[in-house]
Amino acid sequence: MSGQDEDAYVYDEATGEWISASDAAAAPVMPEGGVEVRDSVGNLLADGDQVTLIKDLTVKGAGQTLKRGTLIKSIRLTGDAQEIDCKYDGIKGLVLRAEFVRKR
């Protein structure tokens, strides 16, 4: 039976190819959205994480500046590798670039 297990193949939907079961088990698992979002220092971000701003950012349309060190709670990933959706008091629909935040 062990010879049969070595010959098992699975269909990889990401590449559209048949690969051996052992290669599929060794492959890294992508997040649900399919895109890895990393902060300014390379930490992997996920929905619900808290991040801190690493630079003063002027928010267009809100008429205010978010200062360096501002804590943003409960982020959401957008499916874009560089954008995260978040809430902040007084600003609706705030989208930040991942390069300007650091995971807390």
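**Note on the predicted model**

W18 is exposed, with a relative accessible area of 60% (exposed means over 50%, buried under 20%, partly exposed in between, with a 1.4 Å probe and protein chains only).

1. *Basis.* This is a predicted model, in which local features need pLDDT of at least 70 and side-chain atom pairs count only at pLDDT 80 or more, while totals for chains, interfaces and linings use all residues. Residues are numbered from 1 along each chain as its sequence is written, and side-chain values use heavy atoms, with hydrogens and water left out.

2. *Confidence.* The mean pLDDT (the predictor's confidence in each residue, from 0 to 100) is 85 for the protein, and 87% of the residues score at least 70. Helix α1 (residues 2-6) has the lowest confidence, with a mean of 52, whereas β3 has the highest, at 97. Helices (H or I, at least four residues) and strands (E, at least two) are DSSP runs, numbered from the N terminus.

3. *Nonpolar patch.* Y9, Y11 and W18 make a nonpolar surface patch of about 430 Å². Patch residues have over 30% relative accessible area and no salt bridge; like charges are joined within 9 Å, and nonpolar side chains (Val, Leu, Ile, Met, Phe, Trp, Tyr) within 5 Å. Areas come from the Shrake-Rupley method with a 1.4 Å probe, and for residues only the protein chains shown count as cover. A salt bridge is a side-chain nitrogen of Lys or Arg within 4 Å of a carboxyl oxygen of Asp or Glu.

4. Apart from neighbours within four places in sequence, Y9 is in contact with W18, I19, S20 and A21 (contact means heavy atoms within 4.5 Å). The C-alpha atoms of Y9 and A24 are 8.7 Å apart, with the two residues 15 apart along the chain.

5. I84 has L96 in β9 as its bridge partner. Two residues lie between the strands of this hairpin, where G90 takes a positive phi near 85°.

6. *Open sheet.* An open, antiparallel sheet is formed by three strands in the order β6-β3-β10. Its edge strands, β6 (71-72) and β10 (101-103), each pair on one side only. Two bridges link β3 (residues 51-53) to β6 in the antiparallel sense, and T52 stands opposite L71 in β6.

Technical notes:
Pairing = 2+ DSSP bridges.
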